[in-house]
Amino acid sequence: MDHFSLWLAAFLTLGIISFLYKDNPWYKLTEAIFIGISAGYWVVTLYWDNFYGKFWVNKGEEPTLWIGAFFGFLMLLRLIPKVGWLSRWPLAFIVGATSGLWLMNYFASNIMVQVQATIMPLFSTGYGTGFDADFATIVANFVIFFGTLTGLVYFFFSKEHKGAFGVGAKIGIFFLMITFGASFGYTVMSRMSLLIGRIDFLFGDWLGMIQ
Amino acid sequence: MSTKVKEILAVVAITIFCLVFYIGKINGWETIEFSFTVSMIVISLLVLSLVWILILTIKGNLIERRIVFLFVGIAVTLPLFMGISQKISSSPEVVSLYESVDALPAGSKVLISFDYDPPSAPELQPMAEAFIQLCFEKNLKVITMGLWPQGPQQANLAFEKVFSSEKLKGRKFEYGVDYVNLGFQTGNEFVVQRMGSSFKSMFPTDYVGNAYNDLPLVKNIKNFSNIDYCFNLSAGFPGTVEWIQIGVDRFGVLLGAGNTAVQAPQIYPYLNAGQLTGLLGGMNGAAEFEKLTEIPGKGTKFMLSQSFSHMVVIAFVLIGNVAFFMSGRKSMLEGNEE
Amino acid sequence: MKNIFSIPILVCLVISIPFSIFAQEKQSDSLIETSKVIAEPATSLIVSDYKYDNGNSLKLNWVPSIDDQLPAGKVTGYELFRSVNGGGFERIAEFPPQKNSFQDDKVEIGSSYVYYIDALSKDTATSSAKTELINPEREWFNAGKIPLLIMALIIAGSIFYFIETARRGKTLFVRKIAGLEAIDDAIGRATEMGRPILFIPGIQDMDDVQTLAGLTILGRVSKVIADYDTRIFMPVSRSLVMTAGRETIKAAYQSAGRPDAYSDDMVNYITDEQFGYVAAVDGIMVREKPATVFLLGAFFAESLILAETGNSIGAIQIAGTARPAQLPFFIAACDFTLIGEELFAASAYLSGEPKQMGSLKGQDVGKAIALIVILIGVIAATFSTAWDIAFMTSIYDFFTTIFSVSK
Amino acid sequence: MRREVPLFITAIVGISFVIQYFIPHPPFSNLSDWFSDWFSIIQACAIVLGALNLMKISFLKVKDKKPDWGYAAVIIVSFLFITIIGLSEGEGFRLPGTKFDWIYNFIFIPLSATMFSILAFFVASASYRAFRARNFEATLLLIAAFFVMLGRVPIGDLLVWFMPEGYQLSNLASWVMNVPQAAGQRAIMIGIGLGVVSTSLRVILGIERSHIGGGE
């Protein structure tokens with residue numbers, strides 16, 4: 001790493017950090033560089049990886065790729081206002097395919113698998129193992145079972161959250177809150193790690209103050 | 001003195017500070033490490049300033065965002081200079097990951113997918129290094145790839161680091177025989193799906209352009225059936241969830257995962273359902289894994305800062321709430337600066 | 001008669017004497033050899049194509065070795081070997097005693113396979129006969145997915161049913177969703193303050209259903225905005241979303257009878273890069289100070305920066321995502337948050353159209369099924385495991401079969 | 001024509017992608033592979049629109065000398081700078097040692113990594129200002145967060161040194177993650193699954209059509 005590169009990197013790093021103080025010219029400059037560089041980065045990446053790598057290289061062997069290229073061409077027609085509406089076709093294609101794919105993937109992985117995973121014996125460590133669980137496992141089993149059920153109750157739309165149903169929904173939201181709390185804790189952990197990594201760059205790699 | 005002048009002075013001061021230490025670094029100055037006494041003094045100062053913030057807040061002045069920012073910056077930076085070591089525990093999901101790798105016979109082929117980019121490296125790079133080193137220590141063969149464009153680069157960095165480590169310094173590792181970096185391919189989860197039928201169709205060449213069939217390690221690998229273990233380092237989409245849905249659920253691979261802490265909670269239901277052999281979550285997961293494998297690295301080194309930062313966040317939540325309850329709930333619900 | 005039999009026996013004995021002496025000598029150095037436990041091989045190994053799949057599995061059945069009749073017989077296990085396209089045999093699996101079938105999922109269409117199985121005893125392995133050459137075949141329907149299809153049809157069917165019922169004019173009750181009730185007020189507030197409205201549809205592309213959900217809400221929201229004559233702007237991080245967003249807002253302005261008020265400048269592309277985008281949106285927020293911010297779609301790490309910055313400029317924020325990791329921050333920093341499923345329900349709810357409301361009802365049927373299945377399934381599993389009640393076992397088996405996702 | 005064709009395409013494509021899940025035979029089994037390729041190509045074409053849009057806005061800003069027009073000029077210059085270098089670099093533009101790689105390492109990474117790490121400050125500020133125990137639910141959220149945050153760093157166990165092995169904060173954090181947290185996640189996952197199914201169905205059936213310029 002030569003001096004110029006290091007100082008450039010540090011200059012940009014501190015420019016972004018300066019936003020914490022307030023919106024200022026240094027931040028605006030780094031922001032502008034960031035927008036320009038990243039937009040260009042994606043243009044280059046998508047050109048070489050997607051257009052060149054997927055289409056240009058294989059267009060001879062895979063005739064179906066021309067359909068994709070045709071859709072891409074329709075997309076570009078937006079630049080000509082008169083025929084711009086044709087770009088709805090590739091959009092319609094993408095939306096249709098996404099819906100179809102997600103419908104089945106989520107149905108299988110999110111609904112079926114998770115429902116099946118919740119079906120478990122409460123007093124045992126596994127199915128068919130007999131009456132073998134200790135107290136802690138039984139508690140855990142009950143909590144998972146109960147939490148999943150009440151959590152689902154919360155999401156019901158067609159019933160007002162009142163009476164026994166309301167109690168269920170209330171307990172459900174408690175479980176959701178614990179989940180969010182755990183997520184919050186883990187997110188804090190993650191964010192702090194990233195900051196530590198960045199500070200390690202500034203004081204370690206750049207200034208050589210820490211080992 | 002106007003604010004503008006103060007600001008300019010601050011920038012100049014920071015620049016001079018940086019220049020001095022940079023020149024110092026070039027001239028070979030020693031790194032700084034606080035002694036135990038100094039560390040304790042620093043810690044007490046931090047605690048005292050928290051108390052001060054608490055008092056201010058109770059008085060009804062919600063301190064400015066910027067002061068919170070400054071405090072966090074200091075509380076995370078200073079521990080990096082301290083040489084205090086801590087006892088690291090080991091969670092069951094980390095142990096089970098270690099055990100499943102430990103159980104692989106020598107010569108087994110391990111596929112590591114690097115699905116992250118440099119911004120997430122502080123959490124995931126230590127895991128990558130420890131995992132690869134463990135593989136080499138156990139004489140396993142390592143194949144790397146990436147669903148994120150920058151992944152393979154991170155893999156190369158990890159290899160470099162591992163080869164220069166103390167334990168493996170004497171040994172020779174040959175590219176193409178002991179390890180291969182297949183590179184990146186676009187297509188997100190579809191890449192995994194197509195690898196189910198053929199690796200070669202997705203990676204006709206490796207990262208640096210060698211033909212798939214010229215690499216002795218992989219040329220006989222057709223698809224997942226020739227892979228003994230998969231490890232996925234993931235920072236988002238595409239990542240562990242996609243590997244589970246396709247790799248595990250459709251092709252039956254044995255999968256372990258290293259995740260950023262943000263992602264980890266969503267992975268637990270899969271862990272419970274037995275779709276994963278183990279999970280490293282965040283920097284703490286990295287540190288625990290480093291302890292189990294006896295390969296201390298950055299995960300362990302950063303743990304003190306991590307501890308501090310958690311304490312600071314907890315302190316802030318508590319201070320905010322104490323003030324909230326003491327000064328009547330209503331008036332504090334809205335932030336009151338800017 | 002007796003003698004006739006005794007003669008050959010005698011002959012055999014006489015002949016065997018020198019051998020036995022010879023063997024005696026030999027035995028000393030091959031003691032291990034003769035005391036070895038040798039198990040009979042498994043027989044009738046048959047391989048057949050697994051029906052109704054993608055051509056990626058074969059089924060193997062065999063009769064266990066006759067030495068494997070009792071639980072603690074000579075056989076300690078089995079090992080299955082396979083040769084692909086006439087190549088060498090490789091061990092692909094091992095089984096405990098008494099096992100008699102296996103499904104090989106790691107085969108491919110276009111290759112041919114031969115198998116044999118070894119019965120293992122303490123010391124040796126005896127091989128069965130090899131199977132005939134077989135090629136996996138691919139069929140037109142994956143029978144393993146029939147349960148999935150049935151469940152999908154039930155849930156899709158109930159959504160259909162309620163859409164139809166609603167279309168016929170039956171009013172269906174849907175509970176209030178706080179975040180959505182607040183939308184009109186939030187837009188009204190922006191109008192009063194004379195400040196713009198910021199809409200962020202997440203940072204994923206059109207191949208994410210959350211983005212679709214965000215855009216459908218945008219359709220409803222921008223209709224109200226057109227009515228109130230407020231300014232909306234929507235910076236996006238994907239070019240396709242820019243195109244779709246423009247179409248959406250344009251259509252909303254048209255249906256509100258104000259096509260003249262629409263301009264393409266309402267929707268702008270910034271960059272695909274997550275944090276480049278955030279840096280820009282942050283700047284926009286601080287400089288333009290929108291009165292109302294909508295954050296609806298797929299969000300990642302940027303959720304917090306956006307929500308916090310929005311909070312610090314005092315905007316009313318309505319957020320929603322199906323990514324659990326980001327929800328706590330939305331809950332803390334935004335005024336209203338749509339949690340998971342509520343995001344998908346929002347556009348139907350906002351439209352107020354009966355058929356859209358019907359689809360929500362259909363979703364509830366899905367939840368009800370999940371609830372009942374979990375409830376009965378857990379009871380059945382508990383009783384069948386702890387007290388071995390056969391009736392409960394069959395209920396458990398039924399549910400796990402119905403809810404299994406075949407590969 | 002303008003409205004019907006897109007609706008028709010959405011419906012047909014959507015239904016085919018549902019069917020492909022059950023029919024493992026070509027051409028259905030190839031559908032998802034094709035879609036991934038086509039989508040990649042469409043994305044590559046669409047970014048031209050996005051990039052042109054960005055350039056147009058920035059250019060107009062510079063031309064009209066609007067406030068902050070200098071930064072708009074920086075956007076244009078840096079965009080052109082990396083695009084020209086990247087496109088001239090050829091297929092191996094990402095390999096170590098290229099100019100593009102240098103830009104990536106010393107401009108792109110510092111910027112995005114710092115932007116990412118700034119989150120830490122926002123987390124702290126949010127926890128000071130926003131995470132209030134307003135009611136029982138919020139309190140529960142905070143308590144769960146405390147246990148997890150403490151239990152996941154060594155200092156947590158240090159705080160409860162008097163507890164026996166196996167009952168320390170790290171064990172408690174593991175329990176929270178594996179039990180109540182997982183239960184909540186599961187409920188959310190099932191709910192999201194149903195939401196996706198219903199939204200997809202509405203789109204395929206053409207009830208939901210705003211994204212393609214629909215409306216009644």
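Predicted model: local features only at pLDDT ≥ 70, side-chain atom pairs only at ≥ 80, totals over all residues.
Let's start in chain A, where α1(A) passes α2(A) in a left-handed crossing. On the α1(A) side, the contact is made by Phe11(A), Leu12(A), Leu14(A), Gly15(A) and Ile16(A). Facing them from α2(A) are Trp26(A), Tyr27(A), Leu29(A), Thr30(A), Ile33(A) and Phe34(A).

Asp23(A) forms a salt bridge with Arg287(C), with the closest N and O atoms 2.9 Å apart. The pair crosses between chains: Asp23(A) sits in the loop between α1 (3-17) and α2 (25-56) of chain A, while Arg287(C) belongs to helix α8 (residues 274-288) of chain C. Side chains of opposite charge can pair when their charged atoms come close. A second pair linking these chains is Arg78(A) with Glu247(C), a salt bridge whose closest N and O atoms are 3.1 Å apart. Between chain A and chain C the count is 4 salt bridges.

How many residues of each chain are in contact where chain A meets chain C? There are 59 from chain A and 71 from chain C. The size of an interface is often given as the accessible area lost when the parts come together. For chain A and chain C the buried area is about 5,900 Å², and carbon and sulfur atoms give 74% of it.

The area buried between them is about 10,200 Å², with 83% given by carbon and sulfur atoms. Across this interface of chain A and chain D there are 4 salt bridges. Asp49(A) takes part in a salt bridge with Arg94(D), where the closest N and O atoms are 2.6 Å apart. Over all chains, a search of the whole structure finds 31 salt bridges.

Let's finish inside chain C, with two helix pairs. Helix α5 (residues 183-193) and helix α6 (residues 209-228) of chain C pack at an angle of about 35 degrees, their axes 10 Å apart. The crossing of α5(C) and α6(C) is right-handed. In α5(C), Ile183(C), Asp184(C), Ile187(C), Gly188(C) and Thr191(C) meet Val221(C), Val224(C), Ile225(C) and Tyr228(C) in α6(C). These contact residues divide into 6 nonpolar, 2 polar and 1 charged.

The other pair is helix α12 (residues 354-387) and helix α13 (residues 390-402) of chain C, which pack at an angle of about 135 degrees with axes 8 Å apart. That angle makes α12(C) oblique to α13(C). Their crossing is left-handed. Among the residues making the contact are Val373(C), Ile376(C) and Phe383(C) of α12(C), together with Met392(C), Tyr396(C) and Phe399(C) of α13(C). Altogether, the residues of the contact of α12(C) with α13(C) divide into 10 nonpolar, 3 polar and no charged.

Key. Residues numbered from 1 in each chain as written. Chains lettered and ligands numbered in written order. Heavy atoms only, no water. Axes fitted to C-alpha atoms, helices over the stretch in contact; angles between N-to-C directions. Helix = DSSP H or I, 4+ residues; strand = E, 2+ residues; numbered from the N terminus. Parallel < 35°, antiparallel > 145°, perpendicular 65-115°, else oblique. Left-handed = near helix turned anticlockwise from the far one by under 90°. Contact = heavy atoms within 4.5 Å. Nonpolar A, V, L, I, M, F, W, Y, C, P; charged D, E, K, R; others polar. Buried area = accessible area lost by both parts, 1.4 Å probe. Salt bridge = Lys/Arg side-chain N within 4 Å of Asp/Glu carboxyl O.
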